[in-house]
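The following questions and answers examine a single protein chain. Please consult the sequence and the structure as each point is raised.

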Amino acid sequence: MTMGWEQTSLFPTASRSDMQAARSLLKRYERMRRVVDILGSRTALNEKEKQVLEEYRQRADTVEMAVKMIIDDGVRRVMEFRFIRGNTRWGTVSRFNSITDRSVDRRIVRGVESVAETLKLIGII
């Protein structure tokens, strides 16, 4: 007996453009978080600054949540080190020197896909 709905509608698969959008947000995460920290510490903000603060806070929090939701611990650790902590690819490869650089790249691809699926699920992309 079927339930009348498909799993794909509950857990959408990320398209290539979804993955590109997720990678763009991941690459901008560190800057967004820095802007949030700096604007958040100021006492007087104009309307544009308030708007940017709220938008960046929401996006940065959402990206961080999507990374934390990655089930595979190895993938999540690579993604946190690379994007949340703002390290370069080579810095990430050096940090995770017990695996090959190609394995690090595969984990990043799987992580970006997971983040894209989460962001798509909640309607961010």
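Q: What volume does the largest pocket have?
A: The model is a predicted one, and the values given here are computed from it. Rolling a probe the size of a water molecule over the atoms shows where empty space is left. For the largest pocket, the volume comes to about 290 Å³.

Q: Which residues lie nearest the centre of the largest pocket?
A: The lining of the largest pocket is made up of 13 residues. It divides into seven nonpolar, three polar and three charged residues. Those nearest the centre are Met69, Ile71, Ser114, Glu117 and Thr118.

Q: Which helix gives the most to the lining of the largest pocket?
A: The chain has six helices and zero strands, and its elements run α-α-α-α-α-α from the N terminus on. The leading contribution to the lining is six residues, and it comes from the helix that spans residues 101-121. That element is helix α6.

Q: Where is Met69 placed, and is Met69 buried, partly exposed or exposed?
A: Met69 is one of the residues nearest the centre of the largest pocket, and its place is in the loop between α3 (47-68) and α4 (73-84). Buried means under 20% relative accessible area and exposed means over 50%. With a relative accessible area of 47%, Met69 is therefore partly exposed.

Q: How much accessible area do the residues of the nonpolar surface patch have together?
A: Met69 also belongs to a nonpolar patch on the surface.

Q: How many residues apart in sequence are the parts that the pair Arg110 and Asp72 ties together?
A: The side chains of Arg110 and Asp72 meet in a salt bridge, at 3.2 Å from N to O. Arg110 lies in helix α6, whereas Asp72 lies in the loop between α3 and α4, so the pair ties together parts of the chain that are 38 residues apart.

Q: Are Arg110 and Asp72 buried, partly exposed or exposed?
A: The relative accessible area of Arg110 is 41%, and that of Asp72 is 37%. Buried would require a value under 20%, and exposed a value over 50%. Arg110 is therefore partly exposed, and Asp72 likewise counts as partly exposed.

Q: What separates Asp73 and Arg77 along helix α4?
A: Asp73 forms a salt bridge with Arg77, and the closest N and O atoms are 3.1 Å apart. Asp73 is partly exposed at 37% relative accessible area, and Arg77 is partly exposed at 40%. Because the two are four residues apart in helix α4, their separation is about one helical turn.

Q: Which helices are linked by the pair Asp105 and Arg89?
A: The side chains of Asp105 and Arg89 meet in a salt bridge, with 2.7 Å from N to O. The pair links distant parts of the chain, 16 residues apart: Asp105 in helix α6 and Arg89 in helix α5 (residues 89-95). The linked elements are thus α6 and α5.

Q: How many salt bridges does the structure hold?
A: Besides the pairs discussed above, a network of salt bridges links Arg33, Asp61, Glu64 and Lys68. For the structure, the number of salt bridges is 14.

Q: How far apart are the C-alpha atoms of Gly74 and Arg107?
A: Gly74 has its place in helix α4 and is buried, with a relative accessible area of 11%. Along the chain, Gly74 and Arg107 are 33 residues apart.

Q: Is Leu119 buried or exposed?
A: Leu119 has its place in helix α6. The limit for a buried residue is a value under 20%. At 0% relative accessibility, Leu119 therefore counts as buried.

Q: What share of the residues of the chain counts as buried?
A: The C-alpha atoms of the chain fill a box of roughly 55 × 45 × 20 Å along the principal axes. The chain has 125 residues. Of these, the share that counts as buried is 34%.

Definitions and conventions:
Residues are numbered from 1 along each chain as its sequence is written. This is a predicted model: local features need pLDDT of at least 70, side-chain atom pairs count only at pLDDT 80 or more; totals for chains, interfaces and linings use all residues. Side-chain values use heavy atoms; hydrogens and water are left out. Patches are made of residues with over 30% relative accessible area and no salt bridge: like charges are joined within 9 Å, nonpolar side chains (Val, Leu, Ile, Met, Phe, Trp, Tyr) within 5 Å. Accessible areas come from the Shrake-Rupley method with a 1.4 Å probe; for residues, only the protein chains shown count as cover. A salt bridge is a side-chain nitrogen of Lys or Arg within 4 Å of a carboxyl oxygen of Asp or Glu. Buried means under 20% relative accessible area, exposed over 50%, partly exposed in between (1.4 Å probe, protein chains only). On a 1 Å grid over the protein atoms alone, a cavity is a set of points where a 1.4 Å probe fits but cannot get out, and a pocket is an open set with protein on both sides within 12 Å along at least five of seven lines; lining residues have an atom within 4 Å of a point. Grid points are joined across faces, edges and corners, and a volume is the space filled by probe spheres set on the points. Ala, Val, Leu, Ile, Met, Phe, Trp, Tyr, Cys and Pro count as nonpolar, Asp, Glu, Lys and Arg as charged, and the others, Gly among them, as polar.
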